[in-house]
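User: I'd like to go through this model with you, starting with how the chains meet. Could you put it up first?

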Amino acid sequence: MSLTAGVVAVQGNVDAHATAIERAARNRGREVTVREVRESGIVPDCDLLAMPGGESTTISQLIREEGIDAEIRDHVAAEKPLLATCAGLIVASRDPNDDRVDALGLVDATVERNAFGRQRDSFEAPLEVDGLEEPFPAVFIRAPAVDDVGGVDVLASWDGRPVAVRDGPVVATAFHPELTPDSRLHGLAFFENGASIGPELERSA
Amino acid sequence: MPESTDLEELRRGTDLVKRGFARMQKGGVIMDVVNKEQARIAEDAGAVAVMALEAVPADIRKRGGVARMADPADVAEIVEEVSIPVMGKSRIGHTKEAQILEAVGVDMIDESEVLTPADDAYHIDKRDFTAPFVCGARDLGEALRRIHEGAAMIRTKGEAGTGDVNQAVHHQRTIKGAIREIEGMTHEEREAYAREIEAPAELVHETAEMGRLPVVNFAAGGIATPADAALMMHHECDGIFVGSGIFGAENPRAMGEAIVEAVNNWDDPERLADIASNLGKGMKGDSNANLPEEEKLQGRGV
């Protein structure tokens, strides 16, 4: 049975996530159809979901406007996997310490926006990630960092600050795993996430 | 938790980091602002970034004289005010204005034909900068020359400050048409085409293989309404710059929000009808058809 993946596409780096999801699925012999989510009514059909990077102020405003926010909450409440990256992490967090962003409270952690500075401070670096054997080529663009880790598992840290976390079905990163051809993080979030994809789907694979 | 990550391996200002920044703007609206109050309104309206400048293009047009980079103190104030990225305009070829903007902390520099060019033969060597650049283009040759110089984003030039979308459409169609043309060419035809359009051959091959520009491609120059923004998305732009269209409108906040929503709903005419309703007067504008050749900005910096 083919999986349906959704990429929240109201704003941000959408197509690279779609490509990474397709690659990660192919590496595991799974079929996947990726749908762009710019309106309500699509998320309920999705087995897995990605919330890309972009601007968290814009994304949070548009998902509320379009009625996608409640659907994402229901998706996670149903224990289906979500990968949230950069702005996605900010929107998914419990508290972004900024009233310009409406957070969804899907990751029990607080975040600091632009924790590493402005674009001139943006960087790429190999990053050790729990669950991956080799370092991951991580690209941080005006990236946030997790502040108070609350009840989440930390999968990676940079300079002492948590930059990848897992909270149940949600994996969230401060960096952009979709910007390089390495799709191991998408694999980790969607296909090595315990209960995530559901037993009947696992059998039919 | 792994502890062995090596901080020394960090690299800033790489092509991946610069082009990556541009990709985060996709599907977004970047709004021209001249002070921090406007920047706040733009951020609240859902802009993905603001472009800090001294005067919007429509006013630059009216005023005449030499148009330069904005006062760095004003740019710094805008940088302080908003949480979204701030971009700044430098004159074409004015390496020092660009360095000053980078020092102030702008996240992207627009080497812009809207300002008076400082160098009539060369653009800035953008590869040396940590800050990414966006540059205007009217055709594929211009776009690929700018990318070769280090631009991380291309925007149509359009005809800034007119409120007439005609030239932005023309430039986007010209670029897309040329890409379709090279997609059908053999290797040696592409080599000859590269010489003809004065673009580096390797970028012509890369563009043909990707079926699109190798960097993010925004629309700019004359976009004044939600319908204009949706039209440019229909022409496969990755996002929209709006100059005088927001703060030249009667109700900037409503116009800004509407353009942001129109970009997300560009392919849904019923939603667009709602979004475009009751926004008050748009900017007055000035049709491109009436513009004398010497008043056109788009011919600057080819």
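Predicted model: local features only at pLDDT ≥ 70, side-chain atom pairs only at ≥ 80, totals over all residues.

User: Which helix of chain B gives the most to the side that touches chain A?
Analyst: Helix 1 of chain B does, with seven residues; helices (H or I, at least four residues) and strands (E, at least two) are DSSP runs numbered from the N terminus.

User: And what area do the two chains bury?
Analyst: Chain B and chain A bury about 3900 Å² between them, 50% of it on carbon and sulfur atoms, buried area being the accessible area (1.4 Å probe) that two parts lose on being put together, summed over both. B:Met24, B:Ser83 and B:Asn264 supply 17% of the area that chain B buries against chain A, more than any other three residues.

User: How many salt bridges are there between chain B and chain A?
Analyst: The count is eight, taking a salt bridge as a side-chain nitrogen of Lys or Arg within 4 Å of a carboxyl oxygen of Asp or Glu. One pair is B:Arg271 with A:Glu66, whose closest N and O atoms are 2.9 Å apart.

User: Which residues does the salt-bridge network link?
Analyst: The network links A:Glu55, A:Asp98, A:Arg100, A:Arg113, B:Arg40, B:Glu43, B:Asp44 and B:Glu81. Within it, A:Arg113 and A:Glu55 meet at 4.0 Å, N to O, and this pair links distant parts of the chain, 58 residues apart. B:Arg40 and B:Glu43, by contrast, both lie in helix 2 of chain B, three residues apart, about one turn of the helix, with their closest N and O atoms 2.7 Å apart.

User: Are B:Arg40 and B:Glu43 buried or exposed?
Analyst: B:Arg40 counts as partly exposed at 22% relative accessibility, whereas B:Glu43 counts as buried at 2%; buried means under 20% relative accessible area, exposed over 50%, and partly exposed in between (1.4 Å probe, protein chains only).

User: New topic: which residues have the most contacts inside the largest nonpolar core?
Analyst: Those are A:Ile72 and A:Phe140, in a core of 119 residues, that is, a set of buried Ala, Val, Leu, Ile, Met, Phe, Trp, Tyr and Cys residues joined through side-chain atoms within 4.5 Å. Leaving aside neighbours within four places in sequence, A:Ile72 is in contact (heavy atoms within 4.5 Å) with residues including A:Leu49 and A:Leu82.

User: Where does A:Leu82 sit, then?
Analyst: A:Leu82 is in strand 4 (residues 82-85) of chain A, both faces of which are covered, with A:Leu82 and A:Ala84 on one side, A:Leu83 and A:Thr85 on the other, and all four buried. Strand 4 pairs in the parallel sense with strand 3 over three bridges, two strands being paired if DSSP finds at least two bridges between them, and A:Leu49 stands opposite A:Leu82.

Technical notes: Residues numbered from 1 in each chain as written. Chains lettered and ligands numbered in written order. Heavy atoms only, no water.
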